[in-house]
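The sequence and the structure come next.

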Amino acid sequence: MAVRARQIYRRIQNVRHVRQITKAMYTIATTQVMQRKRVLLAARPFGAESRQVLADLVAAFRQGGLSHPLVDGVGQPGTAVLVINTDRGLCGRYVGDVNRAADHFCRGREGVRLLVGGDKANRHFRGGPWPIVRRYLRLYDRPNLDIARAIQADLLALYGRDVGEAYAVYMYFRGELSQQVRVERLLPLALPEGRPRDLLVEPGLPQVVNELARLVLLGRIYEILVDAKTSEHAIRRQAMKAATDNADELMEKLTLNYNKARQHRITTELADIMGGAEAVRD
């Protein structure tokens, strides 16, 4: 019985160490969520307004019988799929949900070319039926415009040459308790309904539409990166909270078993002592 009590005590110590780690990771994830959320909420209004301005310009642009490949398409077969996943684990359902959604989307497409972000997506899709043309590993732990520009340049290099459309698969941050996998079209640009108006544009409407379309694409990629990273930390925080609660519950059960084993050992020792005393008295 003494051996069993020692084994239970060692398990309690191990669970206590695991709990310290999960508690620390929960605290770190909470801080990361707050920082990324602040950046995301600042970026979203720019993205919405820039898309609306571009939609209005495109409406006026089309009235003149003109078109732009970033908005109207290029008529080329093939699809580029940008998969935004993570480089690290311990984030619950995040990795599996994004990879499954990308897998499902790609199965219904012809001529798929993958651009994978994060080691978890790279490991999932390497050796698969679709070629990986770009890898972004350990690049966007802290998303910035330089990384977004690199992805934008890769997408534009493929667009019109190898593919006629581009999509992104990522985790959308709806709130701290709600995140959702989304498949979103990047190219041709998905714009809201535009309102054609009389405009005086310098240096010229085609140049302005071209520059603004590229700026909208850049902003959308940046927003997707921040969305994904914020969701990752939010889900990791939920996972670490659940792990910490489970460790507390397990420690409570182990402590109860340890006390029972210890009490049983004491009772056995007392019975042995009393039995010895009785034998001496007889």
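## A tilted aromatic pair

In this predicted model, Y167 has a relative accessibility of 13% and therefore counts as buried, since the cut-off for burial is under 20%. F105 is likewise buried, with a relative accessible area of 13%. By the rule applied here the count comes to 3 aromatic pairs, and one of them joins F105 and Y167, whose ring centres lie 4.9 Å apart with 55° between the planes, an arrangement classed as tilted. This pair links distant parts of the chain, because F105 belongs to helix α3 (residues 94-107) while Y167 belongs to strand β4 (residues 165-175), and the two are 62 residues apart.

A further pair is formed by F125 and W130, with centres 6.4 Å apart and planes at 55°, so that this pair too is tilted. F125 is buried, at a relative accessible area of 3%, and W130 is buried as well, at 12%.

## The nonpolar cores

The largest nonpolar core holds 67 residues, and within this core L114 and F125 touch the most other members. The greatest contribution comes from helix α6 (residues 205-281), which supplies 15 residues. Leaving aside residues up to four places away in sequence, L114 touches V81, V83, C106, F125, W130, P131, I132, V133 and R134. Both F125 and W130, the partners in the tilted pair, are thus found among the contacts of L114.

## A charge over a ring

Y172 takes part in an arrangement of another kind, in which R182 lies over the face of the ring of Y172, at 3.6 Å from the ring centre.

## Helix α5

Helix α5 covers residues 145-158, and at 1.5 Å a residue its 14 residues should span 20 Å, which agrees with the 20 Å between its end C-alpha atoms.

At the start of α5, a side-chain oxygen of N144 comes to within 3.0 Å of the backbone nitrogen of D146. After the helix comes G160, whose phi is positive, near 90°.

Technical notes
Residues numbered from 1 in each chain as written. Predicted model: local features only at pLDDT ≥ 70, side-chain atom pairs only at ≥ 80, totals over all residues. Heavy atoms only, no water. Core = buried A, V, L, I, M, F, W, Y, C linked by side-chain atoms within 4.5 Å. Buried < 20%, exposed > 50% of the residue type's maximum accessible area, 1.4 Å probe, protein only. Helix = DSSP H or I, 4+ residues; strand = E, 2+ residues; numbered from the N terminus. Contact = heavy atoms within 4.5 Å. Phe/Tyr/Trp six-rings, centres within 6.5 Å; stacked < 30°, edge-to-face > 60°. Lys NZ or Arg CZ within 6 Å of the ring centre and 35° of its normal. Expected span 1.5 Å × (residues − 1). Polar contact = N/O pair within 3.5 Å; in protein donor to acceptor, adjacent residues only side chain to side chain.
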